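Okay, thanks for coming, everyone.

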Amino acid sequence: MTISFKNISHQYDGKLALSNFNLEVKNGEIVCILGPSGSGKSTLLRIAAGLEVVQNGEIYLDDQLLADPNTNPAPENRSIGLVFQDYALFPHLTVAENISFGLKGFNKVEKAKVVDKQLARVDLKDMGSRYPHTLSGGQQQRVALIRALATKPAVMLLDEPFASVDAPLREKLREQARFALKASETATLLVTHDPAEAMLMADRILVLGDGFTVQIGTPEDLWNSPKSPYIAQTFAGMQTINGKIIDKFVHTSFGAFPIERLTFSSENINEGKEISLCLRPSSLVLNKSKGQAIISDKRFLGRDFLTIATLNGEQIHVISNKPQILPVGTLVDISFDSVEALIYSK
């Protein structure tokens, strides 16, 4: 099924949490929701789950009304699966009993088949007889996921499902979760603070800010055409420096270059206007000179090498696949000859 949010607005004590929010998540699609704390991410999931009453707007499953200000079925009466950070497994039930808990109208044999199929999906084939407290955090989270999927919900809601899992296991869990969600062909909303997780998991990414949709698109869309400095920094790995437009050039502390070479991401950027300039660190080059910028630090990032140049308290990052031979303390200037940059109005 497709879940549709139409003109959803929500407030807490007069403070806007969501404003005129619209979204459609299709069958089998995974949409990751990301934004700063207080941007409305968890509020959206709570409204969809029935944990908050719809104040304004409507929610539909396909063409059937699910909820509006006058219609608010209880969470257990919605075809929606929920997975939260704290797993919420029943401690007194075995793994198999947890998974089969919501299977109504199934006999023992049918329940066992569903349990075995779900456990096999996430590499927990022989864990059915164990209790939650005997499992690792990652195993508990996988059980929580397949318990929600076992009832074949129309929609899955996941709120920071991997936040409490150790980093080495997180990537494996993401892969298994995406595989299981895709195999179930369930419309999925996943809230996360982690942009890498969103890039890995999502078919589309929705970025919220102060209750408004800032941008929605594929991971490639957000990487190539970020619509705000926050998105440029978070998803495209860009850095922001200050600039000003003078005589068809962008002037920064680190140098000036023709404005015609840049991509405008904001309207009304005119002569004399102060702007935010987002740069891809991999498109910059440092040259030894008698300039005022100085190499203040060098770091190895695993696959790449980071060099930081500082001028008047402002830093610029340069990333290369080769180590920087110039030592810390060297005076340099920045080459913008091949710069990839976006301009945003302040």
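So, 40 Å lie between the centres of domain 1 and domain 2, taken over C-alpha atoms. Domain 1 covers 3-225 and domain 2 covers 238-345, with bounds from an automatic or database domain assignment. Bear in mind this is a predicted model, where local features need pLDDT of at least 70, side-chain atom pairs count only at pLDDT 80 or more, and totals for chains, interfaces and linings use all residues. Numbering starts from 1 along each chain as its sequence is written, and side-chain values use heavy atoms, leaving out hydrogens and water.

Now the sheet. It's open, with four strands in the order β2-β1-β4-β5 and antiparallel pairing. At the edges sit β2 (15-25) and β5 (64-67), each pairing on one side only. Strands here are DSSP E runs of at least two residues, helices are H or I runs of at least four, and both are numbered from the N terminus. Pairing takes at least two DSSP bridges between two strands; β1 (residues 3-12) and β2 have seven, in the antiparallel sense. There, F5 stands opposite L23 in β2.

Over to helix α4, residues 137-150. Its 14 residues reach 20 Å from first C-alpha to last, close to the 20 Å expected at 1.5 Å a residue; the expected span is 1.5 Å times one less than the number of residues. How many of those residues are buried? It's 13 of the 14, where buried means under 20% relative accessible area, with a 1.4 Å probe and protein chains only.

Note on methods:
Buried < 20%, exposed > 50% of the residue type's maximum accessible area, 1.4 Å probe, protein only.
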